[in-house]
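Please read this briefing alongside the sequence and the coordinates. It begins with the strands and their sheets, then turns to the core, the ligand surroundings and a few individual residues.

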Amino acid sequence: SITFNKPPSVAFLTGQFTAENVIKKVTRSGDLSGVFHDIAAWQAIPSDTPIYEVEMLNSLQGEGELYVGMTHLHPGRVGNEFHMTRGHFHQRREQGEVYFGIRGSGLLLLQNEHRKAWLEHVSPGSVHIIPGDTAHRLINTGSEVLSALAVWPSIAGHDYGSLAQGFAARVVLQDGKIQAKEVQNG
Ligand code: PA5
Ligand code: NI
């Protein structure tokens, strides 16, 4: 006989998953050494301050399978620089990903292997097709939590090390405006 599975769901206003077995990983200020350019401002923040949380649905792993995760990035700045995720290339460089804006407003910083960087506005309903060979980082430029849903191949993996130099752009509040700055050594 045909069965009906109960799928997980996401609350569109908050990005909260309703599912069993959601795995949650919190990234705190102290985990983000070397990420923000103003080291003194970063050191002044208690190291246990949560910056973002990622909730993952329970899904299959292996060639052809997909992971689904929700990132909740808290609003705020370190010095003049807006809160952001660490950012990464995929270990399997050619693997892409899709982000969907759910709540809040911010930017998706993208960068290819030649350090060419570009930005997309993230807002509720926005769809971001991240090609293969492209590093990606979320930046919260708003005053509420930025929540974005991500879907990516489970074989993709994360490569954080290749961005040790940092991204080629930083997003800061300067003269009361959100500004993207090109930088040599992130
Ligand atoms: O798969 C993704 O790209 C996201 O789920 C990110 O992992 C998430 O936003 C956290 O960012 P990072 O992995 O760069 O710390
Ligand atoms: Ni990714």
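Two strands are said to pair if DSSP finds at least two bridges between them, and the strands themselves (E, at least two residues), like the helices (H or I, at least four), are DSSP runs numbered from the N terminus. On that basis, 3 strands of this predicted model form an open sheet in the order β10-β9-β12, with antiparallel pairing. β10 and β12 stand at the edges of the sheet with a single partner strand each, so one side of each has no neighbour in the sheet. Direction ignored, neighbouring strands of this sheet are turned by 20 degrees against each other on average, where axes are lines fitted to C-alpha atoms (for helices over the stretch in contact) and angles run from 0 to 180 degrees between N-to-C directions.

**Basis and confidence**

- The model is predicted, so local features need pLDDT of at least 70 and side-chain atom pairs count only at pLDDT 80 or more, while totals for chains, interfaces and linings use all residues.
- Residues are numbered from 1 along each chain as its sequence is written, and chains are lettered from A and ligands numbered from 1 in the order in which they are written.
- The protein chain averages a pLDDT of 97, and 99% of the residues score at least 70; pLDDT is the predictor's confidence in each residue, from 0 to 100.
- The scores of the model are ipTM 0.99 and pTM 0.97.

**The sheet around β9**

- β9 (106–112) and β10 (117–122) pair in the antiparallel sense over 6 bridges, and within this pair glutamine 111 stands opposite alanine 117.
- These two strands form a hairpin with 4 residues between them, and arginine 115 in the turn has a positive phi of about 65 degrees.
- β9 is joined to β12 (134–140) by 7 bridges, the two strands running antiparallel.

**The six-stranded sheet**

- Another open sheet has 6 strands in the order β3-β4-β5-β13-β8-β11, with antiparallel pairing.
- The edge strands here are β3 (23–28) and β11 (127–130), each of which pairs on one side only, and the twist averages 20 degrees from one strand to the next.
- β3 and β4 run antiparallel and are joined by 6 bridges, with methionine 56 in β4 as the bridge partner of isoleucine 23.

**The nonpolar core**

- The largest nonpolar core has 29 residues, and those with the most contacts inside it are Leu108, Leu109, Leu138, Ile139 and Ala148; such a core is a set of buried Ala, Val, Leu, Ile, Met, Phe, Trp, Tyr and Cys residues joined through C-beta atoms within 7 Å.
- Two or more residues of this core come from each of β4 (50–56), β5, β8 (97–103), β9, β12, β13 and β14, and β9 gives the largest share, 4 residues.

**The surroundings of ligand 1**

- Ligand 1 is surrounded by 14 residues, of which the closest are Gly69, Thr71, Thr85, Arg86 and Ala150, a residue being near a molecule if its C-beta atom, placed from the backbone, lies within 6 Å of it.
- β5 (66–73), β12 and β13 (146–153) each supply at least two residues of this shell.
- The shell divides into 4 nonpolar, 8 polar and 2 charged residues; Ala, Val, Leu, Ile, Met, Phe, Trp, Tyr, Cys and Pro count as nonpolar, Asp, Glu, Lys and Arg as charged, and the others, Gly among them, as polar.

**Individual residues**

- Most residues other than glycine have a negative phi.
- Arginine 115, with a phi near 65 degrees, counts as partly exposed because it has 16 C-beta neighbours inside 10 Å.
- Aspartate 175 has a positive phi of about 55 degrees and lies in the loop between β14 (169–174) and β15 (177–182); with 5 C-beta neighbours inside 10 Å, this aspartate counts as exposed.
- Tryptophan 42, in helix α1 (residues 39–43), is partly exposed, with 19 other C-beta atoms within 10 Å.

Definitions and conventions: A residue is buried if 20 or more other C-beta atoms lie within 10 Å of its own, exposed if 12 or fewer, and partly exposed in between; C-beta atoms are placed from the backbone.
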